[in-house]
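Here is a report on one protein model.

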Amino acid sequence: MTTDQMLILAILTVTVAMFLWGRWRHDMVAMGALLACVLAGLVPAGETFAGFGHPAVITVACVLVLSQGLYNSGAVDALTRTVIPGSAGPTVTIAALTALAALLSGFMNNVGALALLMPVAIQVASRQSLPPGKVLMPLAFGSILGGMTTLVGTPPNLIVAGFREQSGAGAFGMFDFTPVGLAVALAGVAFVALVGWRLVPARERAGADSFETAAYLTEARVPEDSKADGMTLNQIETALERAGAQVVGLVRNEVRVTAPSAHRLVRAGDILVIEADVEALAEALSGLGLKLEESKRPAEEEEGEEGEGAGKDEGAGKRRKGDEGEQAGKRDKAGKSEKAGEGEKAGGSENGERNEQRGQDEGDAGDKRRADEIALVELAVLPAAAIAGRSASDIELRTRYGINLLALSRQGRRSTARLRTMAIRPGDVLLMQGPPDSLAQFAAWAGCVPLAERSLRIPSRRKAIMASAIMAASIAVAAFGLLPAAASFALGVLASMALRTVPPRQVYEAVDWTVIVLLAALIPVAGAMEATGTADLIARFLLEGVAQGHAVLALGLILVVTMTLSDLMNNAATAAVMCPIALGAAGQLGVNPDAFLMAVAIGASCAFLTPIGHQNNTLILGPGGFRFGDYWRLGLPLELLVVAVSLPMLLIVWQI
């Protein structure tokens with residue numbers, strides 16, 4: 001054993017021990033391991049941060065952004081309703097998600113499959129009152145299991161096929177991996193869905209806690225193409241139960257019905273008064289195709305900029321006419337407004353001048369929205385707030401500040417007034433929409449305390465289609481080899497920013513930078529392990545010292561060693577290291593080399609013990625709130641199951 005090999009083994013041993021100890025953050029430990037390798041001369045100083053440009057790191061970051069686009073647009077809600085039974089418990093729900101992930105991973109990059117379903121899993125976990133990791137880890141493992149079923153499912157399969165072709169036997173076909181891979185995937189998915197998810201530690205996502213409020217009261221309009229058009233209120237209530245929402249009133253022709261009959265038919269143009277938690281609003285809206293009454297609808301805005309240009313109220317004719325009537329009435333009371341401290345000018349009472357000023361204000365507000373991003377913020381109303389006792393119409397939120405009041409939370413009390421005319425009281429929590437600067441200006445003037453910026457998705461069919469198309473196109477470009485995966489997903493991120501499925505200000509917020517640092521720091525460390533020959537040394541020692549000429553034992557060792565290495569280094573690198581060893585071992589023993597190559601393919605794909613063994617494990621590290629040592633609790637029994645199923649299948653199918 002050389003000095004370099006002893007050094008890299010010592011560094012890896014200390015690194016793994018620090019990961020398991022959990023005293024320091026995983027990105028700190030990974031960076032420490034990288035710098036230790038640099039100081040020891042194992043990684044060239046000029047390549048210290050080369051990992052940040054590695055395709056795997058770029059792919060993970062871009063996938064997180066594209067996933068955010070699917071989540072924001074409401075595409076996730078539609079997929080959830082299609083795939084997950086509404087009344088299913090956690091076992092059936094996790095089974096459906098895991099099986100779908102495995103199926104998709106057989107025909108697309110398994111990182112892309114996880115990216116598509118990860119937001120769904122987070123939503124499902126919230127609905128089932130489960131920590132997100134309880135759903136995310138089974139989902140990630142299911143996507144890894146599905147990848148081993150076809151040639152294009154995962155990079156190790158392509159590498160194994162390449163080594164077989166180099167040996168003169170020709171490359172493996174698309175479905176040569178299916179007999180063994182499918183058996184392993186079916187057994188693994190069944191285990192994860194029925195038993196395994198219960199083994200996942202219950203971790204809360206870092207930073208996921210938010211201020212708890214009572215249910216919000218909001219108004220949602222029924223568009224002409226809505227599913228709710230023609231349904232009875234009872235049918236709508238049943239549909240909303242899944243989201244934990246309920247209808248508490250109905251507005252028709254500007255008249256509110258506080259206790260409508262359950263058999264009343266809902267028509268296009270009606271406004272439903274809905275009570276729901278803020279997290280449930282998106283599902284309640286998208287499930288029936290409803291639109292928030294106080295938010296701009298896509299058809300009302302120039303070039304489809306949803307949520308922008310709220311100052312230009314191009315809404316439905318009756319509502320717009322009613323708004324203008326209310327605004328005109330308030331302008332006739334300019335003196336009272338001035339005394340109330342609104343800061344408006346009392347002079348120039350002629351209607352023409354006021355309409356001109358209003359047009360200028362609305363134009364300025366629209367321009368400002370095109371320049372700024374739209375945010376959703378909760379504001380708590382203080383006892384001495386300037387807006388106490390006044391409504392959104394009194395304050396003229398849209399005209400003066402260019403912001404919208406989407407919903408109001410009032411502990412234990414309901415009002416029969418319309419949302420825009422409801423008197424705001426101290427202690428209320430307001431869900432406000434608008435540019436961040438405008439929201440901050442309003443909060444300072446009104447005497448409100450910002451509680452949290454919310455991630456409520458206002459569903460948009462147009463943006464959901466665009467976000468889904470961008471993700472599908474990115475996956476297709478990578479799958480057909482038109483561009484490398486990193487470039488394909490990066491192009492998708494650029495398209496998402498240009499089409500605003502992910503607002504530019506959210507792009508960097510969507511990336512979990514601790515995960516990026518972890519992966520980027522350990523890639524050079526894994527490279528040092530390969531460059532020094534340490535991986536090859538470990539594999540050959542176990543093969544020659546333990547197997548001792550027994551073909552079946554040697555096959556099992558190739559499988560186990562490959563799985564072990566894959567938990568510590570990149571799976572593609574593991575396959576590249578182990579394929580020559582597998583071919584050499586088969587040649588020495590005089591047995592079928594295909595069985596040994598397939599053992600490498602299975603082992604390289606099954607990295608379930610650490611967050612660094614596979615990109616999918618890394619992707620769920622932050623969203624699941626996991627620690628480094630959490631993966632083995634489900635990963636270890638799953639790897640044992642993989643060995644128990646794959647070894648006899650290899651012997652049956654490939655007959656060494």
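## Helix packing

H24 passes H25 in a right-handed crossing (left-handed if the near helix is turned anticlockwise from the far one by less than a right angle, right-handed if clockwise). Helices here are DSSP runs of H or I with at least four residues, strands are E runs of at least two, and both are numbered from the N terminus. The model is predicted: local features need pLDDT of at least 70, side-chain atom pairs count only at pLDDT 80 or more, and totals for chains, interfaces and linings use all residues. Residues are numbered from 1 along each chain as its sequence is written, and side-chain values use heavy atoms, without hydrogens and water.

Axes are lines fitted to C-alpha atoms, for helices over the stretch in contact, and angles run from 0 to 180 degrees between N-to-C directions.

| Helix pair | Angle | Axis separation |
|---|---|---|
| H24 (residues 571–589) and H25 (residues 593–605) | about 155 degrees | 8 Å |
| H3 (residues 55–73) and H21 (residues 513–531) | roughly 170 degrees | within 9 Å |
| H7 (residues 133–147) and H27 (residues 632–654) | about 25 degrees | 12 Å |

Angles under 35 degrees count as roughly parallel, over 145 as roughly antiparallel, 65 to 115 as roughly perpendicular and the rest as oblique. H24 and H25 are therefore roughly antiparallel. So are H3 and H21. H7 and H27 are roughly parallel. H7 passes H27 in a right-handed crossing. That contact (heavy atoms within 4.5 Å) joins Met-137, Phe-141 and Leu-145 of H7 to Leu-634, Gly-635, Leu-638 and Val-642 of H27.

Which residues bring H3 and H21 together? On H3 they are Ala-56, Val-57, Val-60 and Ala-61; on H21 they are Ile-516, Leu-519, Ala-520 and Ile-523. Between H24 and H25, the H24 side includes Ala-575, Met-578, Cys-579 and Ala-582. The H25 side has Pro-593, Phe-596, Leu-597, Val-600 and Ala-604.

## Overall make-up

The protein has 27 helices and nine strands. Of its 656 residues, 55% count as buried (under 20% relative accessible area; exposed is over 50%, partly exposed in between, with a 1.4 Å probe and protein chains only). Among contacts with a separation of 6 or more, 77% link residues 24 or more positions apart.

Leu-288 lies in helix H11 (residues 278–288). Is Leu-288 buried or exposed? Leu-288 counts as buried because its relative accessibility is 4%. Leu-288 and Lys-227 are 61 residues apart in sequence, yet their C-alpha atoms are 5.1 Å apart. Beyond neighbours within four places in sequence, Leu-288 contacts Ser-226, Lys-227, Ala-228, Met-231, Ile-236, Ala-239 and Leu-240.

## Cysteines

How many disulfides does a search of the whole structure find? It finds zero, a disulfide being a pair of cysteine sulfur atoms within 2.5 Å. Cys-62 is buried because its relative accessibility is 9%. Cys-448 is buried too, with a relative accessible area of 8%.

## Confidence

The average pLDDT (the predictor's confidence in each residue, from 0 to 100) is 76, and 78% of the residues score at least 70. Over residues 206–213 the pLDDT is below 50, and this stretch has 10 contacts beyond near neighbours in sequence. Residues 296–372 also stay under 50; for them the model has 116 contacts beyond four places in sequence.
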